[in-house]
Amino acid sequence: MWPFGKSTADRVKDALNEQPRLKDLGLQVQEKGGNVTVTGMVPNDRYGNLVKVVAEGINGVKSVDTSGLIAQEAPQQAQAAAPQDAGPSASDNSFTSGPASGGTEIPATSSAKPAPAAPSMEAEVKEMEERSKIAKAVHQAIRNNGELKDDPIDVLQSGKSVILRGVVDSDHEQRLAEKLAREVDGVSGVDISGLRVAAGAKELSKEKDTQTGDTVYTVQSGDTLGAIAQKYYGNAAEYKKIAHYNNISNPDLIKVGQQIRIPG
């Protein structure tokens, strides 16, 4: 569970996959030192802006490169040419019912209304982009706050609401994060169900592998895998997960100074 053991790239993927227009595109995400690169196929150029604003709401993201996105504009529908003798032209105001000889001429009705057009993809993407900008503004408000700036908090957009995910050091910080989010113009609701409280969260999430984004813990004197699991998961029994992830055959044999990756 974020913030421990889930890389920045994976969290960006999660955020992209929560967007209806992005979730089925199979976009690839890579991250190094906070610099995120997103590649893949998208319907049109507008999607690049949407991908960027969504990714920028993820904690730890410094820049987003979308130059690897390939836009495939929807081909225009070919207009079928009418045969020369197919009947009256589009400019005619009447058509003939029945056989050509003796048919009854029926006047075209000018009151007929075309079926309402479906909302355009362009308009939908633009709306999602604007909403994601609100989530980005919430993320910036949290980063600018002295108490919360070092807390690992992601901000995701859900309709006109935002979702806060991560961990804070205290109930006070949790309430503060929610308050800041609600104060951002355009936010209609704030979901903090994924924002948990864990004392010392800032310190636990500070050490990262710059290549993979994994959380890394350096073993201290007196540590056991059970104690480390208790710190990160709140459950000492999760030590087996840590041992397996780090290829530790004997969980009782860890050394001071050893660096251990914390899996999600």
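Which elements each supply at least two residues of the lining of the largest cavity? They are α2 (46–55), α3 (121–143) and β6, where helices (H or I, at least four residues) and strands (E, at least two) are DSSP runs, numbered from the N terminus. The structure is a predicted model, in which local features need pLDDT of at least 70 and side-chain atom pairs count only at pLDDT 80 or more, while totals for chains, interfaces and linings use all residues. Residues are numbered from 1 along each chain as its sequence is written, and side-chain values use heavy atoms, with hydrogens and water left out.

Rolling a probe the size of a water molecule over the atoms shows where empty space is left. A cavity here is a set of points, on a 1 Å grid over the protein atoms alone, where a 1.4 Å probe fits but cannot get out, and its lining residues have an atom within 4 Å of a point. By this rule there is 1 cavity of 30 Å³ or more, and the volume of the largest cavity is about 70 Å³, a volume being the space filled by probe spheres set on grid points that are joined across faces, edges and corners. Strand β6 gives the largest share of the lining, 3 residues, and the lining as a whole includes A15, V53, I58, S132, V155 and Q157. The lining divides into 7 nonpolar, 4 polar and 1 charged residues, with Ala, Val, Leu, Ile, Met, Phe, Trp, Tyr, Cys and Pro counted as nonpolar, Asp, Glu, Lys and Arg as charged, and the others, Gly among them, as polar. Because domain 1 (8–71) and domain 2 (123–203) both give residues to this lining, the largest cavity lies between them; the domain bounds come from an automatic or database domain assignment.

Strand β6 (residues 153–158) also holds D154, which counts as buried at 3% relative accessibility; buried means under 20% relative accessible area, exposed over 50%, and partly exposed in between, with a 1.4 Å probe and protein chains only. The side chain of D154 is joined to that of R11 by a polar contact of 2.8 Å, and the side chain of D154 also reaches the backbone nitrogen of N59 at 2.7 Å. Such a contact is a pair of N or O atoms within 3.5 Å, of which, within protein, one must be able to donate a hydrogen and the other to accept it, and residues adjacent in sequence count only if both atoms are side-chain atoms.

V125, in helix α3, is buried with a relative accessible area of 0%, and its C-alpha atom is separated by 7.2 Å from that of Y47, 78 residues apart along the chain. V187, in the loop between α4 (171–183) and β8 (189–197), is 30 residues from Q157 in sequence and 9.6 Å from Q157 in space, C-alpha to C-alpha.

Notes. 1 Å grid on protein atoms, 1.4 Å probe; cavity = no way out; pocket = protein on both sides within 12 Å on 5 of 7 lines; lining within 4 Å.
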